[in-house]
Structure formats: structure tokens, C-alpha cells
Amino acid sequence: MGNKGGSGKTTLAINLGAGLSNIANSALLDADPQGSSIQWYQFVDQDDGVDVYQANGQLREQVSDLNTNYDYVVCDCPPSINAEQTQTLLEISDIVLIPVQPSPIDVWATIKLEEVIIEAQKSNQKLKAYVLINQLEPRVALSRMLRGALSELELPVTETALRRRAIYKNSVLDGKSVFDAGKLGAEAATEITQLIEEIIK
Ligand SMILES: Nc1ncnc2c1ncn2[C@@H]1O[C@H](COP(=O)(O)OP(=O)(O)O)[C@@H](O)[C@H]1O
Ligand SMILES: [Mg+2]
């Protein structure tokens, strides 16, 4: 999930990992040296959710090991598309999700990213790439314009967008995903489930 800082990679990784762990044996690999997913995991007190691992120096081997033990391995990437971890993961992954916020600067950054991803798809032909709208606010003009702006991209944009919801922030400190956040997390859980259904066909 390569993208610049703050677009929602970690939030997405945590909740995708949690959502996938509801349907299959799933791991989350924190490949960002910042270690935000690992920090979240330190607050988690249930053991029936996603298993979280910190990336070691041998990312390729580590992912391959995890692949033999898990049905799904979700990776949280560093902010830079040029980071070694991101590059390696683009070479070996089946799916890359690029969260983008409703902001012109994010859209421009995504245009740059697209070139790198299309290049990566030439050598990793199984790699499917999707742009995902995150922090959508339906009543805000920039949000409404976003899908139009993104239609200029070659990469497909998922039909499912993630809304801007306080629960995505608030659940983190409780070591929870939106799936464990009860009623407050219900709508967020529904959109994450929809996203999973959309990309895992
Ligand atoms: N859909 C969302 N609704 C509300 N807040 C969000 C959402 N997605 C991300 N955030 C918040 O935005 C900030 C950046 O998200 P984060 O997942 O850390 O991005 P990244 O890992 O790409 O740097 C965090 O404070 C996170 O809680
Ligand atoms: Mg992060």
C-alpha cells in the first residue's frame, strides 16, 4: 500500500487485517520503520484477531514464510513509494491499495505513484492495483469532485470509499479495529467488508 504520509495506510492495513481475520487466517506485516501497526498491536488484548508482525531485514523471505502459514498477508508500507520495503512488496504482492484523500495534493501525488505501479506491473504481472478514496466527506465539494479527478488515472478506483469517521481514529488507542468497536464501528465495519468483497474476487 504505497503512498505518502497520512493518507490512511496504517488505518486501512489494521482494519483490512481485522476484516480478513474474520473470514480467514490473516496476518498483518508492519513494513513501515515508523511501526504504527506494531504500536496498535501493543494495545490489542484479544487473541482471536489478526496476527501482527514486524518486518525484519529479509522482507521477501518473511512474506513468503507468512504466505505459507496464512491465507492473507496484509502489509503496511512506509510513506515513500521509493522505499526499499515498498519496492520489494510491489514485486511480490498480489494486490496494492493506494489510499487517497480528497485533496488536490493527494491526487497529484497519486499521479506520480501510478507511473511506478504500472512499471512494477510489467515485472509482477499478477499485481492488481486499486486507488481507494479515504476520508470521504460526501457534503464537501472536494470530496464530490474526487472521483471525477481520479477517473483521469489509468488505475481503477474502488467503488467502495471509506468515509471520514471518528471511530477510525478512536478505536486505535483501545487496540481495536472498527469490527470490535460495537455499534460505533458498525458503519465503518460495513465499508471495510464491502472493500474486501470488492478486491478479493
Ligand atoms: N477514514 C478515516 N476517518 C477518520 N480518520 C482517519 C481515516 N483514515 C485515516 N484517519 C486518520 O488520519 C491519520 C493518518 O492515517 P494513517 O492511517 O496513520 O495514515 P498513514 O499510515 O498513511 O500515514 C490518522 O490520524 C488516522 O487516524
Ligand atoms: Mg502509517
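User: What do buried, exposed and partly exposed mean here?

Analyst: Buried means under 20% relative accessible area, exposed over 50%, and partly exposed in between, with a 1.4 Å probe and protein chains only as cover. At 7% relative accessibility, E191 therefore counts as buried. This is a predicted model, in which local features need pLDDT of at least 70 and side-chain atom pairs count only at pLDDT 80 or more, while totals for chains, interfaces and linings use all residues. Residues are numbered from 1 along each chain as its sequence is written, and side-chain values use heavy atoms, with hydrogens and water left out.

User: With which residues does R165 form salt bridges?

Analyst: A salt bridge is a side-chain nitrogen of Lys or Arg within 4 Å of a carboxyl oxygen of Asp or Glu. R165 pairs in this way with E191, at 2.9 Å from N to O; because R165 lies in the loop between helix 6 and helix 7 and E191 in helix 8, the pair ties together parts 26 residues apart in sequence. Shared partners join R165, E187 and E191 into one network. For R165 and E187, the closest N and O atoms are 3.3 Å apart. E187 is exposed, with a relative accessible area of 57%.

User: Why is the phi of Q135 worth a look?

Analyst: Most residues other than glycine have a negative phi. Q135, although not a glycine, has a positive phi of about 65 degrees, and Q135 lies in the loop between strand 5 (128–133) and helix 6 (141–150), where helices (H or I, at least four residues) and strands (E, at least two) are DSSP runs numbered from the N terminus.

Note on methods. Chains are lettered from A and ligands numbered from 1 in the order in which they are written.
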